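I opened the model today to look up a few things about how its chains pack. My notes are below the view.

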Amino acid sequence: MDINLLWIPLLPFLGFLITGMLGKKIGNKSVNAIACGLPILSFVISYAAWSRLVYEGTELHWSGFPWIWIEGLVEIPFALHLDGIAAVMCMVITGVGSLIHLYSIGYMKGDPGYHRYFAYLNLFTTFMLILVLGDNLLLMFIGWEGVGLCSYLLIGFWYEEDANCAAGKKAFIMNRVGDFAFLLGIFLCLAHFGSLDMSTLTDATAISALSAETLSVPLLGSVSVISMIVLLLFIGATGKSAQIPLYVWLPDAMAGPTPVSALIHAATMVTSGVYLCCRLMPLFEAAPAILAIIAGIGACTALLAALIAFGQNDIKKVLAYSTVSQLGYMFFAIGVGAFSAAFFHVVTHAFFKALLFLGSGSVIHAMHHEQDMRKMGGLRKQLPFTHLTFLIGTLAIAGVPPLAGFFSKDEILFAGYQQGFLMGVDSAALFWGISFLTAGMTAFYMIRCVALTFWGESRVDSSLEGKVHEPGGWIGFALFMLAVASILGGFLNVPEFLGGHATLGHFTGLHSSAAAHGAAASFSPEVLHAAEWKSMFLSLAVAGSGLLLAFYCYGKGHSLRKRFTESGVGRWLCRLSQRKFYVDEFYATVFVRPFETMSHLLFILIDRILIDGILVSGSALLTRGLGNWFRKMQTGFIPGYLLTFGCGVLLLVYMMLSLIQQGGAQ
Amino acid sequence: MLQLSAFLAKESSWPWTIANTVDTDLISLLTFAAVTVIVGVVLLLLSELLGPRRRDPQKDSVYECGVPLLDDAREPFTVKFYLVAILFILFDIETVFLLPYAVVYKQLGIVGLIEMGAFLFVLTGGLIYLWTRGALEWD
Amino acid sequence: MFSLPALLYLSAFLFSVGTYGVLARRNILVVLMSLELMLNAVNIALVSFGRVHALTAFAGEHSGQIFTLMVLAVAAAEAAIGLSLLLVIWRRWNTIDLRQLCRLNG
Amino acid sequence: MELTISGAEILAILPAAILVVTGLVQLFADLGRSAEDKHSEKTHLAMIGVTGFLLAFAALFVQGSGASAGELYAGAMTDDLFGRMGAGVVIMTGLFSTLMAGSYLASRGSNSAEFTALISFGAGSMALLCQATNLISIFVAIETLSLAVYVMAGYFKDERAASEGAFKYFVLGAFSSGFLLLGMAFIYGATGGSVALTDIAASNGQQDTLFSVGTLLVLIGFAFKVGAVPFHSWVPDVYQGAPVVAVGWMAVAVKASSLFCLCRFLLFTGGGNDLAQLLAAISVVTILLGNLAALNQQSLKRMMAYSGIAHTGYLLIPLVVALSGDGSSSAASIPFYMFAYAATTLAAFGVLAAISVGSDRDQVHDLDGLAKNRPLLALGFTVALLSLAGIPLTAGFIGKLLILSNAIQQGFLLLALVGIIGSLISVYYYLRPVVSMWFREPKSSFELVPASWGITFTVALCGFATICFGLFPDWLIDLSKRSVEAILG
């Protein structure tokens, strides 16, 4: 049967309309049915589309309708296209999304804004799917903005508290910064490619045709058009995917309900930056210099976020920073040309990070919205199932074979290793080193998180004694499904040297490394495999050591940790990490406050004084004055009127005669 | 205005004068008028110059058939008089159209008669209206 | 002996007198009279023009005189209206001083 | 020579004749009434009036010979489309004024018979004025209509304000007609004894100083009738003193007929650039003074008076353009604007009449909360004010658009600029009543006598017409164009 792609985003949208408008009337039961049923339905459809792609190899396309259509100038259709990447993304979004919808039924029970919540969630799914399926950059941008909006709405979902609203605003503004660059990128594309269709933007001939063109940019001098476009798009991606320097909104975004954090700020939305890069792979590969920058930023973000994650006591904050860090990994992978690895990590990360967030969610739910890990501990007994799934997630992210995280992270690290050492790119080597260390840290702080939350003796305060118990039902179901996914997810893309076929990589057609297209494509398989083994062992070693260290610190004897935190340097480092390296404060002083003061000044000068004062009031006063004067002239005194009349006649006649005289004179 | 008068003064732009066209009876009329004015003025001057002048209150008082005068000579007219006067003006002046018609009614023929009839119809209508409205009763 | 300009001067003089009367006098009755004077001054101009044109330019053309007749009629009607208004004013205001009718202004 | 009269001539004078007869009938129909029901509303008079006006309106559509100027009545009047349009505006206005007069006057305890008769007579002479094509008929028509309006202005004999306003109007009017007549005499003299516009246009006297001054004086006479600065002084006082219905009638019919006649007159006599410059000066001053003086008015009647002055200023612009070069095409916006102005102003004055039924309310704050008590009236008034202010989707907007765009095309940028500034200022005082109608609470003392069906009908229909002209102006614009082209035959 024929599949119309439009249904995939349309169904959640219908859900949004119904739950949004009629939510109050139709009651929570039917809200559940609709809000969860429709995304599941669209999951089924995207599965069907995916299978069409797998078994018949037909990339579905919905040519839609002419949207912005100026003949011969701009011709942008409203069209959807589904290729390998999009298919996988769709399944991830709708699949994980549906699970999180189900989870929310349990988690949001009894919330006053129940139907509003599900309406937003459905709307988010819609926009995310548009973002993924959009066949041109503009349509993608619509989705891009849409998900931003939904994230804003959902972060500030409990808008009674100012902090939540502030967080929502922060996220929105940070994203605006990125979106601005993104828009500029789109304009550049339109200007130089003459079209925004993905097919054109990824067309090798079109790109090579543009490769010579340059344009002079202030501060940068003359830059090649391609690099400029890529740079701008990447800046846009840093906004959405929380990279340096625009990452600070993501941790604050944890103010939203935990399922939201799981869906939007871990599994789907934040990865859309990576998706953008993958979708436009040929374009990005055409700008090697920018790729190096991307690798650098990715690696540094990974490291910084990991360092900050050490010091956090809020369980969700830890997960948030780990998300930032993992995103850093993905961009590092893109930087070193391993698009397939990056995309693979997107998928696996969606699984285990959603799992972790939902786990933390069930903890928080059980603890009656207590998020501080210092008030937890020893929850293993009360929440055995949650503990199990959370541990699975932790091991997955830490990169313990054969869990999902292991394969993807290993691929990334190998790609860096390959470019750094086999191809001898020094910068790549350096960045590999950074992300290599980060792998160890990831293992460490994740175990720390587990230990503080579930192990050791309970620090739960007495009021909650005996109240804490396993939330079953949908929550359990979602956790279970995701746990399975995080265990098996890795096998989507088992590399050759382990006897796999890199299925995902081939299916999406993304390059697995810079070598695949670079000049040094000719490494013999033996060399490659040897290198891969080596890097795998290295990463295993570092992850293992991280795990062991963490066990040692947070296990029975606390001597080491104590000694470290007592020591001056240690205390200093801890505070630095807890304070998130003072980045927020830095931004506040350097950008926010000067901007505020300046805008206030301008408001006083331009608005109050110039416009309101002089232009508006001034002119009003003038007209009023004249008006009153004219009224005064209307004395009501008949001889006065007659005199006015007579003088008018005399004046006009005189003017007439003088005009005639002039006429005669000429 | 100066220019206008200068313009009018220019005989050249007004070639025709009425001198040759105004017939003599107008002139005789004017002489008659002049004579009456002159005679009147002369007589008054004479009496003023020749008459003796002995004044006392009796003489200076208003002479009213020998009896002492009753009140001021200027009596205000009643409003009704004004009303009648106004109406009189109207209907008096409207006859101004009848005179020229009387001169040429033969030449104008039936259509002229009809038009005049229409004019008079409207006029008479007005008269009847104010009559029935009681504008003509004196009290 | 009477040149057209002379007649025009006469009418101009009378017109000016009328205008002056309207502008300068305070008694409504006098003002009405001055208004009539203005119209009749123009009548003089019209008839004299008409007479001249009838004898020179357009033989048998008497529109000037006809105009005058019309103006007479109109002037009469105007005088009637004026007088009745004068009566109304006298009744309501108890004055015929032009300068006191200045309640409405602004 | 045997005097003859042709069918075309009868047809030409038919509307005016019907109106005069209507007036007479109204007068006599009232005679038989006894004293006690003198002051009750006389629907039968209104019916007579409406019938007469409808007949006259129908007579407009009886196509005459289409005789070109100078043929009918030895060139005394014509029967072209332009004249018929003018007569149409006048007759429609008369119709609505008659509808409103009955109940309004009855509520003020005065006899409406003579009033309605005066409307009919005035309408007759106005129709003649729109068709008049020689100096004599123009003068007679303009004088007769003025006489009718003088009486209407002072119709409330017992009110000081009414008599004062009427007398002011009368004195200044007679004064101005003196100058009008003088100007006509000058033209008559300068053109060597021709009174018909066609002869004047043909004569060689055009270059005389006397002729130019004469044209100027005639222009002044008309300028007084339409209330252009500096001959506007009477307008506010008369509007304030006169009965609201009479004011509506004056504001529309007098202005319309005078402008139609002036337009015809100027198109024939030309007058050249000098006159155009003077006219431009007049219109600039008129627009500015009208709008500025209207700003701080508390009395709605005075506000409407000054706004009327301002609109006169706008209406002079196309005349200026027509005088200085491209003859008829630019004058085409006058008939349209007059139609639009008529509908708008009648709606406005209908509302004023409705709120001043019983007692003489005309302050802006008397409108407070009208939208709650009388939504229909409030709506009509709002539409009218928006149209006067020239807000899009209304007739007033199209009218202003025509005038200003035409002026700009012909290069009269200053005029257009002044017009735009004026209408910007005007928005302020036009919106004040709107605000008090919709956003203020009705005053407790504000009890409203239910408006009669005549007034309500007028407001509704005219408001509707305003919107219609604003949405579908094409046919009317086309008609105006053709009518103006018909003037010069």
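**Entry 1: chains C and D**

I am working from a predicted model. I started with the contact between chain C and chain D. I found 35 residues of chain C in contact with 34 residues of chain D. Which helices of chain C supply at least two residues each to the side that touches chain D? I noted helix 1 (4–24), helix 2 (28–55) and helix 3 (63–93). Helix 3 of chain C gives the most to that side, with 16 residues. I then sorted the side of chain C that touches chain D by class. I got 25 nonpolar, 6 polar and 4 charged residues.

**Entry 2: chain D**

I moved on to chain D itself. It has 20 helices and 0 strands. Its sequence runs to 489 residues, and 70% of them are buried. I also looked at contacts in chain D with a separation of 6 or more. Residues 24 or more positions apart account for 82% of them.

**Entry 3: nonpolar cores**

How many residues does the largest nonpolar core have? I read off 253. Met152(D) and Val320(D) have the most contacts inside it. Leaving out residues up to four places away in sequence, Val320(D) touches Ala276(D), Leu279(D), Ala280(D) and Ser283(D), along with Phe412(D) and Leu415(D). Another core, of 206 residues, lies apart from the largest one. I noted Ile8(A), Leu276(A), Leu303(A) and Ala543(A) among its residues.

Definitions and conventions
Residues numbered from 1 in each chain as written. Chains lettered and ligands numbered in written order. Predicted model: local features only at pLDDT ≥ 70, side-chain atom pairs only at ≥ 80, totals over all residues. Contact = placed C-beta atoms within 7 Å. Helix = DSSP H or I, 4+ residues; strand = E, 2+ residues; numbered from the N terminus. Nonpolar A, V, L, I, M, F, W, Y, C, P; charged D, E, K, R; others polar. Buried ≥ 20, exposed ≤ 12 C-beta atoms within 10 Å, placed from the backbone. Core = buried A, V, L, I, M, F, W, Y, C linked by C-beta atoms within 7 Å.
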